[in-house]
Amino acid sequence: MASLHEKRVLVVGGSSGIGLAVAGQAAALGAKVTIASRSAEKLAAAAQSIGGVDTAVLDSTDAEAVEAFFADHAAFDHIVVSAAVTPIASVRDLSLADARGAMESKFWGAYHVARAAKLTERGSLTLVSGFLADRPAAGAALQGAINAGLDSLARGLALELSPVRVNSVSPGMIDTPLWAGMDEAAREAMYAGVAASVPAKVMGQAGDVANA
């Protein structure tokens, strides 16, 4: 595996969940890590938990803010985009405003970063999509469509941005703060059901995705 020592790594959505795990592992491997998200409070807590990382308050849905951020920074060796706010509900139950907001957050946010990103010649861009792109579920049609769009975007960007490497990582259901709003008993029952249904027989953790 290529060394991350002294490499400049940006994690958009690095203040929680999968992004936080990616940032933590990259920092542990000696990378110079910057974590970005919309919440200064979450960024401060994340930076304290990892130690030795830079922070940037950045809303990836704001194209002008994303462009300004990259204009003010040197090229990164690796960029990971895991920022997303995507409420889960059936197409008929989810308001159009929330549906469009989900697309803005996960798809257009990644698009804005990819469009403005400054990367070294042999750098990499990684987008986090999700298993619903390939295994749709009732009540999560929009999430599946967004993830499929990200996977397709990554394939096209790999051609456009070459020799920069572009990939998407498509996790299954992962234990992250996304599920924190659920009743604890219901959440644990869901986790147990997921673990029983997959070959590994365990619920996925954010660190598992960071490894990828």
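Modeller: One criterion is needed at once: a contact means heavy atoms within 4.5 Å. The model under discussion is a predicted one.

Biologist: What covers the buried residues of H1?

Modeller: The cover includes strands E1 (8–12), E2 (32–37), E4 (76–81) and E5 (119–128), together with helices H2 (40–50) and H7 (206–211). The residues of H1 that are buried are Gly17, Ile18, Gly19, Ala21, Val22, Ala23 and Ala26.

Biologist: How do you know what span is expected of H1?

Modeller: The expected span is 1.5 Å times one less than the number of residues. Helix H1, residues 17–28, has 12 residues, and the expectation is 16 Å. From first to last C-alpha the helix reaches 17 Å, which is close to that value. Just after H1, Gly30 adopts a positive phi of about 90°.

Biologist: Why is Val53 called buried?

Modeller: Buried means under 20% relative accessible area. Val53 has 11% relative accessibility, and therefore it counts as buried. Val53 sits in the loop between H2 and strand E3 (54–57). Leaving aside residues up to four places away in sequence, Val53 touches Ala27, Val33, Ile35 and Ala47.

Biologist: How far apart are Val53 and Lys32, in sequence and in space?

Modeller: Val53 and Lys32 are separated by 21 residues in sequence and by 6.9 Å in space, C-alpha to C-alpha.

Biologist: What makes Ser129 buried?

Modeller: The relative accessible area of Ser129 is 5%. The cut-off is under 20%, so Ser129 is buried. Ser129 belongs to the loop between E5 and helix H5 (141–160). Residues up to four places away in sequence not being counted, Ser129 touches Lys106, Asn147, Leu150, Asp151, Ser168, Val169, Ser170 and Pro171.

Biologist: What does the secondary structure of the whole protein come to?

Modeller: The protein has seven helices and eight strands.

Biologist: What share of the residues is buried, and what share of the contacts with a separation of 6 or more joins residues 24 or more positions apart?

Modeller: Buried residues make up 42% of the 212. Among those contacts, 65% come from residues 24 or more positions apart.

Note on methods. Residues are numbered from 1 along each chain as its sequence is written. This is a predicted model: local features need pLDDT of at least 70, side-chain atom pairs count only at pLDDT 80 or more; totals for chains, interfaces and linings use all residues. Side-chain values use heavy atoms; hydrogens and water are left out. Helices (H or I, at least four residues) and strands (E, at least two) are DSSP runs, numbered from the N terminus. Buried means under 20% relative accessible area, exposed over 50%, partly exposed in between (1.4 Å probe, protein chains only).
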